[in-house]
Amino acid sequence: MIKKGIILAGGYGTRLGPLTKGVNKQLLPLYDKPLIYYPLSVLMLAGIKNILIITNKGEKYNFIKLFGDVSQLGIKISFLEQDRPRGLPDAFIVGKNFIGKDDVVLILGDNFFYGQGFTNRLKTALNKNKGATIFTYIVNNPSDYGILEIDDKNKIKRIVEKPSKPKSNLAITGLYFFNHKVVNFAKTLKPSKRNELEIVDLLNIYLQNKSLKSEFMGRGSAWLDTGNATNLFNASQYIAAIEERQGLKIACIEEISYQNKWISKKQILKRINFYGKCDYSNYLKKII
């Protein structure tokens, strides 16, 4: 079972300008929580407690301030900085010492996942992963994404990055499971025309080795993009509607830790004191 996770929280967030001129994109609000709480919650729901966050140079202290004492969350968070974004596979090169000889999950810091049965799907995929596992989602604009093509036996034929004439509408989401070989594979990649290492090239290595699997996220799941202002706003409205209807919070990291028995009521009380008087603290009070 995979016990380590990486959140890639770098990048310039230019599509969200001018919001991102003074703050990292993953620190922007997605409804009532910082954006990074959502990918962090996915790793925690999968049972992962050892997490590396990769940020832009000079930004890690903002994240340290955001989380406060992470021991109160029952998890371990470490930080590394990139001097500039070099593509998604660079996360494995930057985080090679963190990964060591272990398998690892990579999730993008601006991705939002939600849905009935998603936690069980995560844990099942973690246990089954032998090489690499990707999560796919049906989209109506496949030319904007990396697209998976499958044969009549539901086996992966190939992956195409932003195809002009897509033969599938199965988009690859920003959640990836890899075995320990990923570091060495990432080191063999050559920069693309964008002068970045491409995740599709990395996945194709696993595909050629017949060790790439896919997990389909069905209609009961949501994968939302937050890369521009409109999408960030729409995702916030989606979360607001669910939380207000159910009275339950999405991506409450303390609640996940408490349900996992990683922390006690004592730690929850410390987090309430850390957050101060706010709706989030009121919700934590209801938990205990």
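Biologist: At what angle do helix H10 and helix H11 pack, and how far apart are their axes?

Modeller: Two packed helices are described by the angle between their axes and the distance between the axes. Here helix H10 (residues 265–275) and helix H11 (residues 279–287) pack at about 165°, axes 9 Å apart. Axes are lines fitted to C-alpha atoms over the stretch in contact, with angles from 0 to 180 degrees between N-to-C directions. H10 is therefore roughly antiparallel to H11 (over 145 degrees). This is a predicted model: local features need pLDDT of at least 70, side-chain atom pairs 80 or more, while totals for chains, interfaces and linings use all residues. Residues are numbered from 1 along each chain as its sequence is written, and side-chain values use heavy atoms, without hydrogens or water. Helices are DSSP runs of H or I, at least four residues, and strands are runs of E, at least two, numbered from the N terminus.

Biologist: Which residues of H10 and H11 meet?

Modeller: Ile 268, Arg 271, Ile 272 and Tyr 275 in H10 meet Tyr 280, Ser 281, Leu 284 and Lys 285 in H11 (heavy atoms within 4.5 Å).

Biologist: Where do the buried residues of H5 fall, seen down its axis?

Modeller: An α-helix has 3.6 residues a turn, so residues three or four places apart point the same way. In H5 (residues 118–128), Phe 118, Leu 122, Ala 125 and Leu 126 are buried (under 20% relative accessible area, 1.4 Å probe, protein chains only; exposed is over 50%). They fall within an arc of 105°, so they line one face (directions from helix axis to C-beta atoms). On the other side, Asn 120 and Lys 128 are exposed.

Technical notes:
Parallel < 35°, antiparallel > 145°, perpendicular 65-115°, else oblique.
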